[in-house]
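Q: I am new to this kind of picture. Could you walk me through how to read a few of its features?

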Amino acid sequence: AADLLALQVRLVMKAYSFIRENVPRVLSSVKDKSSTVPVPRISQYLYFLFAPTLIYRDNYPRNPTIRWGYVATKFAQVLGSLFYAYYIFVRLCIPQFRNSSQETFNLRGLVLCIFNSILPGVLILFLVFFAFLHCWLNAFAEMLRFADRMFYK
């Protein structure tokens, strides 16, 4: 459910950017009574949907070739991050809550479980940031030959 919500938010932001960039051009051409209306091609819109950017442009800077070794490295890093997150859950999170489920409920035990899960939770957040926002987006940017990789600026 959270994945679907994140996808919908991304698509709404991309649709807003597309409309915001193209409506003024269309309105100015209608106002000037121009014979041609500057409407983007479907291929430009589809590229924008898959490119790791939220700002629509008709053309983006492109690399001349795809470095498949780089793509494989990024996907391997995503896979490694998933295995490391699994290891953190199995070794640090699950034993805490397994022990607490066998005891009667008390507030002290709940607070201890929560505090013992803070560090593994932060590690998982860093792994999600690294795996998705760095590795996954860079892999798809490379496959799309997307050259403007200023994700962190």
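A: Gladly! Let us begin with exposure: a residue is called buried under 20% relative accessible area, exposed over 50%, and partly exposed in between. Keep in mind that this is a predicted model.

Q: Is Met 13 buried, exposed or partly exposed?
A: Met 13 has a relative accessible area of 39%, so it counts as partly exposed. You will find Met 13 in helix 1, which covers residues 2-31. The C-alpha atom of Met 13 is 29 Å from that of Ala 72, a residue 59 places away along the chain.

Q: And which class does Asn 138 fall into, buried or exposed?
A: Asn 138 is buried, because its relative accessible area is 5%, and buried means under 20%. Asn 138 belongs to helix 4, residues 107-143. Its side chain reaches the backbone oxygen of His 134 at 2.9 Å.

Q: Which residues make up the largest nonpolar core?
A: In soluble globular proteins, nonpolar side chains tend to be buried together. Here the largest nonpolar core has 7 residues: Tyr 47, Phe 48, Ala 51, Tyr 56, Tyr 60, Ala 141 and Phe 146. Leaving aside residues up to four places away in sequence, Ala 51 touches Lys 14, Leu 144 and Phe 146.

Q: Which residues does the "transmembrane region" annotation cover?
A: An unreviewed UniProt entry gives that annotation to residues 68-89 and 109-137. In the model, residues 68-89 are 100% helix, with end C-alpha atoms 32 Å apart. Residues 109-137 are also 100% helix, and their end C-alpha atoms lie 40 Å apart.

How values were computed
Residues are numbered from 1 along each chain as its sequence is written. This is a predicted model: local features need pLDDT of at least 70, side-chain atom pairs count only at pLDDT 80 or more; totals for chains, interfaces and linings use all residues. Side-chain values use heavy atoms; hydrogens and water are left out. UniProt positions are given in the numbering used here, feature names are shortened, and annotations may be inferred rather than shown by experiment. Helices (H or I, at least four residues) and strands (E, at least two) are DSSP runs, numbered from the N terminus. A nonpolar core is a set of buried Ala, Val, Leu, Ile, Met, Phe, Trp, Tyr and Cys residues joined through side-chain atoms within 4.5 Å. Buried means under 20% relative accessible area, exposed over 50%, partly exposed in between (1.4 Å probe, protein chains only). Contact means heavy atoms within 4.5 Å. A polar contact is a pair of N or O atoms within 3.5 Å; within protein, one must be able to donate a hydrogen and the other to accept it, and residues adjacent in sequence count only if both atoms are side-chain atoms.
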